[in-house]
Amino acid sequence: MAKYLLKRIFYLLLTLFIVITVTFFLMKLLPGTPLQNQQKLSPTEQHLILKQYGLTKPVWQQYLTYVAGVFHGNFGTSFQFSDQPVSYLISSRIGPSLLLGTQAMILGVIPGILVGALGAIKKNTWVDTSMTVISILGISIPSFVLAVLLQYFVGLKLQWFPIADWGGFAYTVLPTIALAASPFADTARFTRTEMVDVLNSDYIELARAKGLSKWGVIYHHALRNSLIPVVTIIGPLAVNIMTGSMVIENIFSIPGIGEQFVKSILTNDYPTIMAVTIVYSVMLMVVLLITDIVYGIIDPRIRISGKSN
Amino acid sequence: MRLSRILALSAVSGASLLLLAACGSQNKRHLARSQTLHWVESADLPTMDPSKSTDVVSGGALHNVDEGLLRIGQGSQLRPGVAKTYQVSKNGKTWTFDLRHSKWSNGRPVTAADFVYGWRRTVKPSTASQFAYLYDHVKNYDAIHKGKRAPTQLGVKAHGPYQLVVTLSRPQSYFKYLVAAQAFLPQSRQTVERYGTKYATNSSDAVYNGPFKLTGWQGTNDNWTLQRNRRYWNAKQTKLRAVKVQVIKNQGTWLSQYQSGKVDELMTDGTQYRQLKKSPEMHIRNSASMFYLEFNQRQGFFKNNVDARKAVALAIDQPALTKNILADGSQAPKGLVPTQLAKRGGTDFADAAYVKSGTTYDLQQARVLWKKALQQSGRSRITLNILADDTPVGKKTTEFIQSQLTKLPGLKITITNVPFNVRLSRSATGAFNMVVSAWIADFPDAISFSSLFTSHNAYNRGHWQNQGYDTDVQNAEGKDANDPDARWNDLVSAEKILMQQQGVVPLYQRSQAQMLKPYVHGVQYFPTGAQWDFSRAYISDHQ
């Protein structure tokens, strides 16, 4: 296991390095500068400002400086916020994003599994049908549409929760629901399909024949086995939530990194775009790593060790 | 083009300042118990450093929490700021400001030395200020900015703690507007040096000398508050206890927040404007920015062909463009200089210099002139290209112009929409037939536009040249610089020449359509620079 982990971490770092390199050179291809008022600045003035940001050096030198900086946690200075280190920008904004992402993950996955399982157990009853309808809605309504609907009906008309802004648990409710809808629907659908298969398998028959209680069979044998494939989709779900958060944070005016990412793209704030891309990549890679580890824990057959050869 | 990028700071407009709802009302309304205004910005606050502010958000915040030598008052009047009075020498080059005894928010006195320090800091090359060029008339600016002289050589001296003497290298009649701008604010040396690189990157690492002080800004967050500054010399005039500012980047969210009463204003987008334009809460805010069509007159078809340029101008229906195509509150122009930018004796510059043929639509006349123009160049048909930004508005504009100009006989129009930077570089090198350009005034004086089209100005992309125009602008900046009447006439005459010769075709004046709650009064709007002044605003009883 340790060897496996080390190998995975090595690949993770390698991927990260490639991500940094590719993002860096892609950004260099784009026509953006920290000059806010280019039309009115003389060439001398422009040169002076670019020099402050280290942009007058050759590109390979900028690249080396950047990579060295990144591994020391220094992502440079923002073009948009003057004198503000990008690392501070991200650290001050990552909290809301993580909180929202975690809440949405929990709200999506756990009820998703329960509802999916219930649908499978009560297959072809009204419970199953309504679950299917809900999950199809959850998959087909984009998060930003749901967000606007929630804002209008729950926020503006019913006034149950704040429409936007950030400042306590009440403010997280609507964006969490908007973000969680699609993971919820995915998990529910996936769990249901798996559960139906498992419930029809021989070992469930055997467990029943041994005289275990209905719920005992479901909990100990059926649910656990149907969760294995469900764990595989947690990675893609995390991606889903991360990309969704860019739009959702913008709609609900949440001071997170998703919202900042969009803003940075609009203002050509390349240091921030690069840094947020790297942060997203790291988060994603860590989620995938954790999924793989969890996978091994729930299914001993998949546990990878040096012995397989 | 994204205007917010060029909107930027600059002199606060004196001209065409609009007093909002309270305007004209003699009776004092009952004040509401809660004097907190809920304002919205659509972008983050990137800095509070007067030397580094380039955008409207920081420009607006600085205008309300700090105060320069002068402050813009109602109408086109400059109000005294930190300076009680000022005198200009006969040759227009020496400006003497007498300062009042006033205090920073930390209790220390605001002195002439704070101005000297702040100004030197802005022009110092290592500060890399993006607005240092506003100092170009101050003595030794060029040499200092190029690093050839020390910042201490800048033409500004403190004579004792309460007198500031500024020496200009050449007269500049609008210098009075500049000293009200952010780039000319005082800066406390003690504060700047104490906080170093952290100076003004959050609300506590700075000091304030204006009607408000900033609180609750950690440098990157989406909320901050302008709190009444009790140490401000004129604090008893400030009625608002606080202005709570929230960043909302999504138009739909902003509308919901406005409708639910959580915020007191809404800058509408095109769709919202069309739905809400009948509302009594709707206000049109003209900005000091103009979009115009430039002809390449370096060589080719438009060179020395005034008929061709006039035909193009007559074939474009500006009111149709603003009302039907843009439909966001933008206004059809009267000339190159925007309306409400500059006024004299109650007359708007744009009215004084109005040339009917310059911006009216007359297709018949356009066709006649176009045929003449083709004859003159010895062709029967021609294909011309229009260069413009690749923004949605840029595309709409070019498509509209294309549809209008194809009505001219023998003319085929192609369009090229490119990113902002590409447009700038192609304009600069003359790689275009016609280009849609934009300009925003840094200060409320017609010269901010008139100076663009002198023969050797770098922004005269099409190289339109006219002797009379050059002389007029030169006089306004030279021999008439200290004679307001003569100067006004020079600039009016220049603008008339530009329109009669159709050096450019004005297309539209950018405006914003704002919804404002009826209980908000006295918020002042400026078409240039900082945009909003809350120092006289108040909230009336509306329960």
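**Entry 1**

I began with helix α9 (residues 214–232) of chain A and helix α12 (residues 270–298) of chain A, whose axes come within 10 Å and cross at roughly 165°. Axes here are lines fitted to C-alpha atoms, for helices over the stretch in contact, with angles from 0 to 180 degrees between N-to-C directions. Helices are DSSP runs (H or I, at least four residues), as strands are (E, at least two), numbered from the N terminus. I noted that α9(A) and α12(A) are therefore roughly antiparallel to each other.

Left-handed is when the near helix is turned anticlockwise from the far one by less than a right angle, and right-handed is when it is turned clockwise.

For contacts (heavy atoms within 4.5 Å), I listed R224(A), I228(A), V231(A) and T232(A) on the α9(A) side, meeting T291(A), V294(A), Y295(A), I297(A) and I298(A) of α12(A). Sorted by class, that contact of α9(A) with α12(A) has 6 nonpolar, 2 polar and 1 charged residues. The classes: Ala, Val, Leu, Ile, Met, Phe, Trp, Tyr, Cys and Pro are nonpolar, Asp, Glu, Lys and Arg charged, and the others, Gly among them, polar.

Caveat for myself: this is a predicted model, where local features need pLDDT of at least 70 and side-chain atom pairs count only at pLDDT 80 or more, while totals for chains, interfaces and linings use all residues. Residues are numbered from 1 along each chain as its sequence is written, chains are lettered from A and ligands numbered from 1 in the order written, and side-chain values use heavy atoms, leaving out hydrogens and water.

**Entry 1: α8 against α9**

Next I checked helix α8 (residues 202–209) of chain A, which packs on α9(A) at an angle of about 170° with the axes 10 Å apart. I put α8(A) and α9(A) down as roughly antiparallel to each other therefore. Y203(A), I204(A), A207(A) and R208(A) of α8(A) touch V217(A), H221(A), A222(A) and N225(A) of α9(A). I get 5 nonpolar, 2 polar and 1 charged for the contact of α8(A) with α9(A).

R208(A) came up again: its side chain meets that of E205(A) in a salt bridge (4.0 Å, N to O). A salt bridge is a side-chain nitrogen of Lys or Arg within 4 Å of a carboxyl oxygen of Asp or Glu. R208(A) and E205(A) are separated by about one helical turn because they are 3 residues apart in helix α8 of chain A.

**Entry 2: α5 against α7**

The crossing of α5(A) and α7(A) is left-handed.

Chain A has 12 helices and 0 strands. I found its C-alpha trace to span about 85 × 60 × 30 Å along the principal axes.

For the interface, I counted 46 residues from chain B and 39 residues from chain A in the contact. About 3,900 Å² is buried between chain B and chain A, with carbon and sulfur atoms giving 45%; buried area is the accessible area (1.4 Å probe) that two parts lose on being put together, summed over both. I logged 4 salt bridges between chain B and chain A. The side chains of D83(A) and K52(B) meet in a salt bridge (2.7 Å, N to O).

How values were computed
Angles under 35 degrees count as roughly parallel, over 145 as roughly antiparallel, 65 to 115 as roughly perpendicular and the rest as oblique.
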